2 protein chains.
Amino acid sequence: MAKPARKTGGTANASEDTSQPKTARGEATRKAILTAAERVIGARGFNDASIGHITSEAGVAQGTFYIYFKSKDEVFHELVLEMGRLVRRELSQATRDIPNRLDAEKAGLTAFLEFVRAHPDLYRIVQEALFVDQDAYNAYYQAFSEGYRKGLEAAVEAGHIRPGDADTRAWALMGISRSLGERLVIWGDTTPIDEIVATVHDMIANGLKP
Amino acid sequence: MAKPARKTGGTANASEDTSQPKTARGEATRKAILTAAERVIGARGFNDASIGHITSEAGVAQGTFYIYFKSKDEVFHELVLEMGRLVRRELSQATRDIPNRLDAEKAGLTAFLEFVRAHPDLYRIVQEALFVDQDAYNAYYQAFSEGYRKGLEAAVEAGHIRPGDADTRAWALMGISRSLGERLVIWGDTTPIDEIVATVHDMIANGLKP
DNA sequence: CTGAAATATGAATAGTGATTCATGTCTCAT
DNA sequence: ATGAGACATGAATCACTATTCATATTTCAG
């Protein structure tokens with residue numbers, strides 16, 4: 001079948017029923033396939049990345065793929081979830097112990113950009129999720145915007161920042177991160193991350209007014 | 001052929017050699033196909049939008065498509081270019097006659113968000129171009145970031161805004177626009193555009209400091 | 001050791017959809 | 001009016017690839 005049933009568009013959430021490996025060998029193979037999928041899909045995009053490409057990159061036969069994943073869509077889904085988990089962990093570590101919101105903003109941006117530079121394939125995959133697996137895409141950004149909004153609301157309460165609609169601000173700040181991440185990954189920008197962050201943080205903290 | 005030769009990845013720029021219509025009838029048909037493609041591709045994504053879907057939406061036979069476009073990739077390419085032209089025109093009109101950069105920023109953001117809300121399909125298409133037609137994607141954002149950067153550099157010269165790396169700022173500001181546009185189009189946000197702009201402009205102009 | 005479960009293989013199946021083409025029908029300059 | 005393009009049609013082609021399956025091979029608990 002060249003085009004399997006589409007994912008349900010709504011909020012339905014397929015169970016995580018991929019048969020989990022029961023053996024060390026299986027574990028290793030599954031991870032190899034996942035890593036290969038990350039590289040191949042990240043580089044060629046979802047549609048040009050065939051199962052054959054992925055399994056060949058992983059060094060296994062084509063059929064092996066279906067021992068660990070129910071479909072091509074499923075690996076993709078899992079890669080998006082993985083990116084979400086990794087980024088969230090990275091950010092919460094980076095901003096843990098930073099009580100002031102503006103400082104946390106700075107540290108978070110730095111961590112995000114560093115992560116993105118280290119994982120360009122995952123970055124692209126998340127962006128492509130909008131067209132391949134919108135549920136995963138939504139979940140990814142919903143989690144972020146929600147967390148962001150709460151953080152900003154708390155910061156306003158605490159008097160760390162001036163008042164203003166937290167949701168809109170959250171999206172604006174996410175947009176800054178994404179855009180600068182894209183400049184690194186897609187455009188090969190080589191500006192040192194510290195410099196980028198300094199410029200942006202100055203703008204976020206002080207605005208553009210002379 | 002299910003999968004035609006890929007676009008050259010580099011900077012190569014295919015000539016605009018689609019046979020232009022020579023008749024009023026042809027002109028109308030071509031436009032009908034282009035409009036249908038915008039709707040169908042915008043709604044279903046490039047890969048799920050078949051030529052059959054597009055021609056059926058346009059009310060013509062499948063073969064007619066190839067009288068006006070060399071390939072599916074080509075319509076897509078043209079749609080991305082169209083979006084670029086339209087947005088640039090919109091923005092330059094909206095900011096013409098606004099001498100102060102910060103005011104122009106505000107007017108530009110408003111115009112952009114209004115445009116995006118009015119053309120959700122084109123918005124999605126530009127985003128998908130990253131995975132379908134990277135050359136077009138690059139051209140689109142290069143044009144924007146360049147213009148933005150120059151504007152910011154001039155504004156710093158003129159003392160309208162505080163000093164800071166113009167390129168990084170340009171990407172950050174573009175990111176804000178994109179992100180808020182996405183919230184409208186993808187997430188169905190219904191916040192009045194004026195309110196969004198007020199919040200964001202306050203942040204851009206004054207920053208977040210208390 | 002041993003056999004049942006787990007893992008691996010790669011050829012075969014089959015859905016799909018972009019593109020072509022042989023065959024009409026319309027348009028408009030002369 | 002009229003014929004040479006221009007335009008339109010839609011069935012047929014055919015390359016592509018996701019998924020399945022019958023058949024090994026490997027692992028490991030007992």
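User: Why is the pairing of Glu78(A) and Arg30(A) called a salt bridge?

Analyst: In this predicted model, the side chains of Glu78(A) and Arg30(A) come to 2.0 Å, N to O. The cut-off is 4 Å between a side-chain nitrogen of Lys or Arg and a carboxyl oxygen of Asp or Glu, so the pair qualifies.

User: Which elements give two or more residues to the side of domain 1 that touches domain 2?

Analyst: Those are α1 (24–44) and α3 (62–68) of chain A. α1(A) gives the most, with eight residues.

User: What makes residues on that side nonpolar, polar or charged?

Analyst: It goes by residue type: Phe counts as nonpolar, Glu as charged and Gly as polar, for example. Sorted that way, the side of domain 1 of chain A that touches domain 2 has eight nonpolar, three polar and three charged residues.

User: And how do you know that the two domains of chain A are in contact?

Analyst: Contact needs heavy atoms within 4.5 Å. By that test, 14 residues of domain 1 are in contact with 12 residues of domain 2, so the two domains do touch. Together they bury about 1100 Å², 64% of it on carbon and sulfur atoms. Glu38(A), Gly42(A) and Phe46(A) supply 45% of the area that domain 1 buries against domain 2, more than any other three residues.

Key:
Residues are numbered from 1 along each chain as its sequence is written. Chains are lettered from A and ligands numbered from 1 in the order in which they are written. This is a predicted model: local features need pLDDT of at least 70, side-chain atom pairs count only at pLDDT 80 or more; totals for chains, interfaces and linings use all residues. Side-chain values use heavy atoms; hydrogens and water are left out. Buried area is the accessible area (1.4 Å probe) that two parts lose on being put together, summed over both. Helices (H or I, at least four residues) and strands (E, at least two) are DSSP runs, numbered from the N terminus.
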